[in-house]
Amino acid sequence: MTVTRVPVLPSASKFLRLAACLAPLAVLPAPPSFAQDAAPAAQAATEPLGIVGKSGRHAFQVEVMRTDAQRAKGLMFRRSMAADHGMLFDFERPAPATMWMKNTYLSLDMVFIRSDGSIARIAADTEPLSTKVISSGEPVLAVLELNAGTAAKLGIRAGDRVEHAMFKR
């Protein structure tokens, strides 16, 4: 029996070894950060929040963003939010706050909240996908994002009180 050997050039041999090593990687799932950016964000756990003013008490379920990474992402890439839901950004200590709508498809009402739970100001009907900076106008502890028009519809105004564990520190 005759065995014929075909010579493999050194560069081809290296390529074949590299291809053999990389082949298993082609079937691995995408890393979590890529998967999160490619798909709309799933809603996180919610907490109860109330707003009390002359128009009465209004109850919401809110996702609370407590870390820098959570605050940076916020409602980006989401296409909808339930009418009685919102997102509360906890800045941990009072300071002037600025927000924007880059990569945010929903028009929002931004409710800027002082450390005592009182509403400092409301930026209503923000423009989706805008890089325009929206300022708190004074030091605030938190910002509550609601669907655009919610504040006007419910009669929520500056000076009303927000009830949430964050404001009982």
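Buried residues are those under 20% relative accessible area. The views below are taken from a predicted model.

**View 1. Ser130 in the loop between β5 and β6.** The loop that holds Ser130 runs between β5 (119-123) and β6 (134-147). Ser130 has a relative accessibility of 12% and therefore counts as buried. A polar atom of the Ser130 side chain lies 2.9 Å from the backbone nitrogen of Lys132.

**View 2. Thr104 in the loop between β3 and β4.** With a relative accessible area of 5%, Thr104 is buried. Thr104 and Arg78 are 26 residues apart along the chain, and 6.8 Å separates their C-alpha atoms.

**View 3. Arg79 and the ring of Tyr105.** The charged end of Arg79 is placed over the Tyr105 ring, at 3.7 Å from the ring centre. As for pairs between aromatic rings, the structure holds zero.

**View 4. The second largest pocket and its lining.** This pocket contains about 210 Å³ of space. Its lining is made up of 17 residues; Arg71, Ala72, Met76, Met99 and Trp100 are those nearest the centre of the pocket. At least two lining residues come from each of α3 (68-73), β3 (85-99) and β4 (108-113). Sorted by class, the lining of the second largest pocket comprises 10 nonpolar, three polar and four charged residues. Of the residues nearest the centre, Arg71 is of the charged class, while Ala72, Met76, Met99 and Trp100 are of the nonpolar class.

Methods:
Residues are numbered from 1 along each chain as its sequence is written. This is a predicted model: local features need pLDDT of at least 70, side-chain atom pairs count only at pLDDT 80 or more; totals for chains, interfaces and linings use all residues. Side-chain values use heavy atoms; hydrogens and water are left out. Rings of Phe, Tyr and Trp (its six-membered ring) pair if their centres lie within 6.5 Å; planes under 30 degrees apart count as stacked, over 60 as edge-to-face and the rest as tilted. A charge sits over a ring if NZ of Lys or CZ of Arg is within 6 Å of the ring centre and within 35 degrees of the ring normal. On a 1 Å grid over the protein atoms alone, a cavity is a set of points where a 1.4 Å probe fits but cannot get out, and a pocket is an open set with protein on both sides within 12 Å along at least five of seven lines; lining residues have an atom within 4 Å of a point. Grid points are joined across faces, edges and corners, and a volume is the space filled by probe spheres set on the points. Helices (H or I, at least four residues) and strands (E, at least two) are DSSP runs, numbered from the N terminus. Buried means under 20% relative accessible area, exposed over 50%, partly exposed in between (1.4 Å probe, protein chains only). A polar contact is a pair of N or O atoms within 3.5 Å; within protein, one must be able to donate a hydrogen and the other to accept it, and residues adjacent in sequence count only if both atoms are side-chain atoms.
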